[in-house]
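Here is a briefing on the structure shown below.

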There are 2 protein chains.
Amino acid sequence: MEAKIAIQGILGSFHHQVAQEYYEQNVVVDECLSFEELVDSLLSGKSDQAVMAIENSIAGPIIPNYALIDKNNLHIIGEHYLNISQNLMALKGQDLADIVEVHSHPMALLQCMDFLKKYPNIKLVEDKDTAETARRIQQKQLKGIAAIASNAASVMYDLEILAPGIQTIKNNMTRFVIIKKENAFVPKDDINRASIKFELDHKRGSLAAVLNVMSDCKMNLTKIQSLPKIEMPWKYSFFVDVTFDKYEDYQKAKSLLEIMAEYFKVLGEYKNTKP
Amino acid sequence: MEAKIAIQGILGSFHHQVAQEYYEQNVVVDECLSFEELVDSLLSGKSDQAVMAIENSIAGPIIPNYALIDKNNLHIIGEHYLNISQNLMALKGQDLADIVEVHSHPMALLQCMDFLKKYPNIKLVEDKDTAETARRIQQKQLKGIAAIASNAASVMYDLEILAPGIQTIKNNMTRFVIIKKENAFVPKDDINRASIKFELDHKRGSLAAVLNVMSDCKMNLTKIQSLPKIEMPWKYSFFVDVTFDKYEDYQKAKSLLEIMAEYFKVLGEYKNTKP
């Protein structure tokens with residue numbers, strides 16, 4: 001039986017590209033038009049695993065996705081990095097001078113702002129999904145409208161690339177996580193990265209004390225973020241990512257954190273694949 | 001001469017409400033339809049100061065706005081907290097039973113979903129801006145259509161509130177910062193909060209060491225966030241907010257940070273106004 005993988009977006013999206021690269025075997029994809037829908041696909045058992053963008057080398061963490069994983073008690077079982085290249089595309093035969101509107105996801109528009117500023121007459125329209133816009137242009141034969149989307153989308157929906165690689169910052173890497181409803185068995189020897197969440201009392205220095213312990217246990221901190229607790233304005237949880245060489249060191253850090261923190265939870269233990 | 005203040009959105013928006021509450025005297029407002037436009041208004045000298053949402057008690061930090069402040073070397077000179085209350089409003093004389101469509105920003109619709117679910121016959125229509133919808137209802141005398149917007153918008157556009165405070169989570173506080181191109185002179189006695197940014201070497205424990213020093217200097221950390229460095233994937237800067245009682249303690253912490261950090265920058269020193 002083929003595994004069913006939920007992706008955010010449709011065929012030709014960056015999430016789809018990650019699914020193709022991450023899973024060695026062929027997978028069946030469940031196209032979800034929002035991250036909420038993607039989580040529902042996992043929770044309802046419609047999908048076995050999901051691919052979810054979590055952090056971008058330019059824009060930083062995708063905060064609501066951390067909250068979705070946390071709130072629904074999902075498990076991170078892996079990660080994948082993708083270099084994001086954005087392209088301006090339209091129906092074949094259209095020229096850059098024909099374009100009056102560019103539709104894309106707000107994040108994609110933002111990433112290409114330097115390019116787009118050179119064309120002040122082109123109206124920017126925020127849309128839900130990059131690949132979906134590409135598909136709609138083809139389906140409805142929309143002239144004068146361009147999409148900003150992946151190479152894969154231009155092939156999938158037979159559009160012509162009017163300008164390739166138009167993102168301002170060329171080195172634009174996105175980190176995706178692979179999530180699951182139940183925790184998967186990842187062999188301990190393969191685990192060298194973990195995503196954890198904890199809450200501390202409000203004494204001055206409590207975060208420093210926790211980070212000291214983590215440093216003593218040879219944890220390398222790769223991300224830290226305080227997030228407000230819903231319904232408790234300005235009380236914070238900390239979301240931290242660590243990498244480590246030995247699982248035993250991490251186990252020791254976990255034991256100490258369980259004692260020191262008011263609340264402690266593991267979001268996932270998995271293999272670091274940072275290129 | 002009246003000060004000119006850039007706001008995100010139009011008259012009647014939550015940014016406008018903050019401008020009205022924050023500035024004691026009357027101010028002239030520059031309506032900006034994006035945060036980029038707001039920054040341009042400051043940089044070009046069109047506005048003297050700007051009001052910018054920076055953090056929400058539910059959704060967390062507005063990451064791109066931190067990047068905008070940092071990249072353009074703007075200065076935070078103050079802050080203001082606003083409890084976001086959403087209201088359903090329509091032309092005077094209209095009744096809840098008359099309403100067939102509700103127009104608002106997707107985020108506002110989402111915040112009020114529990115209320116809206118009670119009226120399955122009312123169609124939800126996504127719109128660009130909450131206050132702009134209120135204005136259009138008045139200008140075009142649209143019957144049967146309600147907006148979800150601020151109290152200020154109902155006053156400004158002479159609409160009647162059909163249902164007040166309809167957001168699901170009642171305690172929905174947003175923190176706004178007041179920003180300026182040049183640093184303003186804030187008297188030292190009034191300063192008890194600072195927003196700083198620093199970069200560290202990649203030795204294990206360097207963040208813990210810095211936080212220890214800050215704790216020793218009696219700094220209370222209220223926010224911490226690692227953000228990737230543009231063009232240097234997976235190298236991080238830390239954005240930290242601290243509060244303190246004595247400016248001298250903060251000065252000491254600054255001197256130590258300048259020595260310990262590879263890079264250190266103050267985004268703003270100002271008065272903590274957290275309610």
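Four salt bridges are counted between domain 1 of chain A and domain 3 of chain A. One salt bridge pairs Lys197(A) with Asp70(A), with the closest N and O atoms 2.7 Å apart. The model is predicted. Over all chains, a search of the whole structure finds 23 salt bridges.

**Domains of chain A**

- Chain A is divided into domain 1 (4-83 + 172-180), domain 2 (87-163) and domain 3 (193-269).
- The centres of domain 1 and domain 3 of chain A, taken over C-alpha atoms, are separated by 24 Å.

**Domain 1 against domain 3 in chain A**

- In chain A, 12 residues of domain 1 are in contact with 12 residues of domain 3.
- These two domains of chain A bury about 1,000 Å² between them, and carbon and sulfur atoms carry 49% of it.
- On the domain 1 side, Tyr66(A), Asp70(A) and Ile76(A) lose the most area to domain 3 of chain A; together they make up 50% of what that side buries.
- The rule also finds six residue pairs in polar contact across this interface, both residues at pLDDT 80 or more.
- Helix H3 (63-71) and strand S5 (75-83) of chain A are the elements that give two or more residues to the domain 1 side.
- S5(A) supplies the largest share of that side, four residues.
- By class, the domain 1 side divides into six nonpolar, two polar and four charged residues.

**Chain A against chain B**

- Here 41 residues of chain A are in contact with 40 residues of chain B.
- The area buried between chain A and chain B is about 3,500 Å², and carbon and sulfur atoms give 64% of it.
- On the chain A side, the elements giving two or more residues are strands S3 (49-56), S4 (60-61), S11 (173-180), S13 (220-229) and S14 (232-243), and helix H8 (206-216).
- The largest share of the chain A side, 10 residues, comes from S13(A).
- That side has 21 nonpolar, 11 polar and nine charged residues.

- Arg175(A) forms a salt bridge with Glu79(A), the closest N and O atoms being 2.8 Å apart.
- This pair links distant parts of the chain: Arg175(A) is in strand S11 of chain A and Glu79(A) is in strand S5 of chain A, 96 residues apart.
- Arg175(A) and Glu79(A) are both buried.
- Asp241(A) and Arg193(A) meet in a salt bridge at 3.0 Å, N to O.
- Asp241(A) lies in strand S14 of chain A and Arg193(A) in strand S12 (residues 193-199) of chain A, 48 residues apart.
- Asp241(A) counts as buried because its relative accessibility is 1%, and Arg193(A) counts as buried at 3%.
- Glu199(A) and Lys197(A) form a salt bridge at 3.9 Å, N to O, and both residues are buried.

**Local points in chain B**

- In helix H3 (residues 63-71) of chain B, the buried residues are Ile63(B), Asn65(B), Tyr66(B), Leu68(B), Ile69(B) and Asp70(B).
- Asn73(B) follows H3(B) and has a positive phi, near 50°.
- Thr133(B) sits in helix H6 (residues 130-139) of chain B.
- Thr133(B) counts as buried, at 1% relative accessibility.
- Leaving out residues up to four places away in sequence, Thr133(B) touches His103(B), Ser104(B), Asp127(B) and Ala147(B).

Methods: Residues are numbered from 1 along each chain as its sequence is written. Chains are lettered from A and ligands numbered from 1 in the order in which they are written. This is a predicted model: local features need pLDDT of at least 70, side-chain atom pairs count only at pLDDT 80 or more; totals for chains, interfaces and linings use all residues. Side-chain values use heavy atoms; hydrogens and water are left out. Contact means heavy atoms within 4.5 Å. Buried area is the accessible area (1.4 Å probe) that two parts lose on being put together, summed over both. Ala, Val, Leu, Ile, Met, Phe, Trp, Tyr, Cys and Pro count as nonpolar, Asp, Glu, Lys and Arg as charged, and the others, Gly among them, as polar. Domain bounds come from an automatic or database domain assignment. A salt bridge is a side-chain nitrogen of Lys or Arg within 4 Å of a carboxyl oxygen of Asp or Glu. A polar contact is a pair of N or O atoms within 3.5 Å; within protein, one must be able to donate a hydrogen and the other to accept it, and residues adjacent in sequence count only if both atoms are side-chain atoms. Buried means under 20% relative accessible area, exposed over 50%, partly exposed in between (1.4 Å probe, protein chains only).
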